[in-house]
Amino acid sequence: MKKPAATKAPSAAALTTALGPTASAWRLLIEDLEFDFPGLKQEWKPTKLEFGHVCLLKHKARTLVYLIPRKGDFEASVVLGERAVILALAGDLPVSTKRLIEEAKPYVEGRSIRFPVSSLAQVDTVRRLVAFKVAPR
């Protein structure tokens with residue numbers, strides 16, 4: 001079966017315009033995750049959501065986080081397996097993030113949580129969630 005062609009990334013100008021004041025948080029999150037996961041790749045997929053594209057940050061073949069640009073901010077979506085859920089709930093995450101995890105419906109692939117990122121503090125939350133997701137056994 002033939003793999004679909006990769007979607008062209010939106011221009012940096014279009015992305016910066018859409019993200020508005022959170023463009024620096026977007027860049028910082030990607031830089032931080034590139035530091036944590038050398039070889040991190042960005043893969044853009046089309047979507048019917050507001051911006052028309054979603055960015056998958058992948059390490060090797062594993063998707064670590066989905067970044068969803070919106071008008072003036074962006075959302076981060078992370079899928080946590082049950083082991084990562086236990087680690088995250090025991091960790092020092094904000095109460096609001098723990099509540100999202102607790103309320104997320106468990107599926108075979110894990111619990112998906114999605115939340116807006118509008119500040120640098122939330123960049124750290126995303127980074128910690130990804131760390132829980134990939135923590136060694």
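**Burial and exposure in the predicted model**

The structure examined here is a predicted model. Helix α3 comprises residues 82-90, and its buried residues are Ala-84, Val-85 and Ala-88. When α3 is viewed down its axis, these buried residues fall within an arc of 105°, so they line one face of the helix. An α-helix has 3.6 residues a turn, so residues three or four places apart point the same way. The cover over the buried residues of α3 includes the strands β4 (74-80) and β6 (110-117), together with the helices α4 (95-103) and α5.

Helix α5, one of the elements that cover α3, spans residues 120-134 and contains Thr-125. The relative accessibility of Thr-125 is 5%; because buried means under 20%, this residue counts as buried. When residues up to four places away in sequence are not counted, Thr-125 touches Leu-93, Pro-94, Thr-97 and Phe-115.

A residue in a loop was also examined. Lys-60 is found in the loop between β2 (53-59) and β3 (62-69). With a relative accessible area of 72%, Lys-60 is exposed, since the term applies to values over 50%. The backbone of Lys-60 was considered as well: phi is near 60°, a positive value in a residue other than glycine.

Key:
Residues are numbered from 1 along each chain as its sequence is written. This is a predicted model: local features need pLDDT of at least 70, side-chain atom pairs count only at pLDDT 80 or more; totals for chains, interfaces and linings use all residues. Side-chain values use heavy atoms; hydrogens and water are left out. Helices (H or I, at least four residues) and strands (E, at least two) are DSSP runs, numbered from the N terminus. Buried means under 20% relative accessible area, exposed over 50%, partly exposed in between (1.4 Å probe, protein chains only). Contact means heavy atoms within 4.5 Å. The arc is that of the directions from the helix axis to the C-beta atoms.
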